[in-house]
Amino acid sequence: MVNYFTFLRAKPQFFDGFLLGKELKFLIYLVGVRVSFQPSDLKKLAGLVALNLDSDADKLSADLAQTFAIFDSINELDTNGIAPLVNPIERGAFLREDVVTQADQREQYQAIAPQVEEGVYLVPQVIE
Amino acid sequence: MHKLSLKQLSEQLQTKQITSVELTKYFLARIEQHNQELNCFITVTSDLALEMAAEADKQLAAGNSHPLTGIPIAHQDSFCALGVKTSAGSKMLDNFVAPYDAEVVAKLKALQMPILGKTNMAEFAAGVDTNSSFYGKTINPFGENLPVGASASAVAVAAGLAPIATSADADGTLRQAAANCGLVGIKPTYGAVSRFGLIAYASSFEQAGLIAKTAEDAALVLQQMVGFDEKDSTSEQFDTTDYQAWTQDLTGLKIGFAKQLDEEVEDAEILAAVEQAKAELQKLGATLVEVDLPHQKYAARAHYLLTSAEASSNLSRYDGVRYGYRCENPQDLEDLYKRSRSEAFGDEVKHRLLAGAFALSAQNYDKHYLQAQRIRRLVQQDYQQAFANCDLILAATRSGCAEPEGFDAKHLAKSLLVGANMAGAPAISLPAGQAGDLPISVQLIGQNFSEAQLLNAAYQFQQATDFHQIQATKLQATKFA
């Protein structure tokens, strides 16, 4: 069953004009994502963005599944041959002379750090 | 005093009918009186404001001032201001005192526009309302159950606590908040105003802009905000024109309308306001042209995905090491990262971070992230093709009067707004009607760097109609009069 849903999400165009109405397809999308998006996936995802999960992980999973279904649904549009647009400005970066333009402001910037000693940021010990 | 336009305030200052210190004290007193209830300022910078006002008075007396010198302003809390707490509405930056000025802040500071304070906002602008702010939600002065939107700059201006305020627009939040309060909101062309010092959320979408009482007020200040800044790699070099080159009427202006935008409107009253706006613009000499935006229905979804992805990437800088919140007694480095972030980010931001990471993950990168970027190009092409046949596009600002329920629905409800962000185009929202207690607004979207044309069309509309005065009149009947 999961394979079917995975296939449907990956290749929705396969089903165009074939058996299923749009609404039903969308429902299956939702169910499919719910089936395929497991709490273990959430744990992995939370690791990627360096977050701990709180006790309400089930609700978060359910909310995210809905968001992911929305993300998935944009695949119904055929975009073959269209180049991705990363930024409305596509001229590339400006170059400037390779000269110093800013004075050293380390002290000023480190003054707002949680813990600093002799110009370095302090974190818990990493290497024994 | 708080009902006067910037032009009127400027005249009073220039003709010495009032000093900047008096004017600034007046607005600080109103903030003192009403902010506790409205919660539209996170930080009030009285000392800074009065110091700047005193300097402004010196310049006014010496006769070497600018027309905006001495007029106070509020900045949204996502703009860094030297020596002032800059939180972006987040616990993460509750202890962050900016070590430099954002370019926008610096430019307006140079004109001696006293900074009244920093306005509340959705946490990192990643929400649709101020409920996600660490500092609590902002109250709409026209009714506590009415929506505010994600920028309290609108409430500060609507309630007369600031003559004008900066804000930012990555997903229509600036225009939506302005619309909720019956004000003008302008999002300039992407690259027209420097983003240096604007706390990043969705970098390829957001633009610094203004919330003002009228198009004329917005034009006066925007003129001073735009321009190339080498400190911002996405800043553009372009010819700035006079934003107050008001024409006699709108003869020759072609206004486009798209059925795809009109079809998304759910309420008859909003649709009627759009139709009425079309008629008013025609009366002013504009002609109407139907244009086609075939990919509009994908714009909001693709935008939701891309902004989540960019937010996920941008907010990875908050690690509890260099600035911002750090958890107590971290056990090791990983614990420091995770607990600092988990304790300091709110639920809305966490949802966006997780959603963004999902869209960017290896298995989804092509079908989510790249697909959304391909849609972005199609949406941009739609607008470019439309502008081959018209000068400006007219649409409603909001699709419905009622607030949508649910996390996703709220984000998708901004579908009429995000087209301009997807394309990088400038847009201005302005009041155009009334539905019960709620003001209705329409927006005009222009070609890149057509701010002068947008402002002129909005100005002419406001000369011919009085929709922009409805909320100001209503304020008289409230305790914020």
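This is a predicted model: local features need pLDDT of at least 70, side-chain atom pairs count only at pLDDT 80 or more; totals for chains, interfaces and linings use all residues.
Residues are numbered from 1 along each chain as its sequence is written, chains are lettered from A and ligands numbered from 1 in the order in which they are written, and side-chain values use heavy atoms, with hydrogens and water left out.

**Chain A and the interface**

Chain A has 5 helices and 2 strands, where helices (H or I, at least four residues) and strands (E, at least two) are DSSP runs numbered from the N terminus. Along the sequence these elements follow the order α-α-α-α-α-β-β. Of its 128 residues, 32% count as buried, that is, under 20% relative accessible area, with exposed meaning over 50% and partly exposed in between (1.4 Å probe, protein chains only).

In the interface, 48 residues of chain A are in contact with 68 residues of chain B, contact being heavy atoms within 4.5 Å. The two chains bury about 5200 Å² between them, 64% of it on carbon and sulfur atoms; this buried area is the accessible area (1.4 Å probe) that two parts lose on being put together, summed over both. On the side of chain A, A:F71, A:I74 and A:L85 lose the most area to chain B, together 14% of what that side buries.

The rule finds 3 salt bridges across this interface, a salt bridge being a side-chain nitrogen of Lys or Arg within 4 Å of a carboxyl oxygen of Asp or Glu. One salt bridge joins B:R377 to A:E90. Helix 3 (39-48), helix 4 (57-73) and helix 5 (106-110) are the elements of chain A that give two or more residues to the side touching chain B, and helix 4 gives the most, with 10 residues.

**Salt bridges**

Over all chains, the structure holds 26 salt bridges; the table lists some of them.

| Pair | Closest N to O distance |
|---|---|
| B:D171 and B:K414 | 3.2 Å |
| B:K259 and B:D292 | 3.9 Å |

The salt bridge between B:D171 and B:K414 ties together parts that are 243 residues apart in sequence, because B:D171 lies in the loop between strand 4 (165-169) and helix 6 of chain B and B:K414 in the loop between helix 14 (407-412) and helix 15 (415-423) of chain B. Both B:D171 and B:K414 are buried. B:E206 and B:R195 are likewise both buried. By contrast, B:K259 is partly exposed at 42% relative accessibility, and B:D292 is partly exposed with a relative accessible area of 42%.

Helix 6 (residues 173-180) of chain B is mostly covered, with 8 of its 8 residues buried; among them are B:R175, B:Q176 and B:N180. Just after this helix, B:G182 takes a positive phi of about 70°.

The largest nonpolar core has 180 residues, and B:F124, B:V221, B:L222, B:F345, B:L354, B:I393 and B:L444 touch the most other members; such a core is a set of buried Ala, Val, Leu, Ile, Met, Phe, Trp, Tyr and Cys residues joined through side-chain atoms within 4.5 Å. Helix 10 of chain B gives the most to this core, with 9 residues. Leaving aside residues up to four places away in sequence, B:L222 touches B:I186, B:P188, B:V193, B:L210, B:Y243, B:E451 and B:L455.
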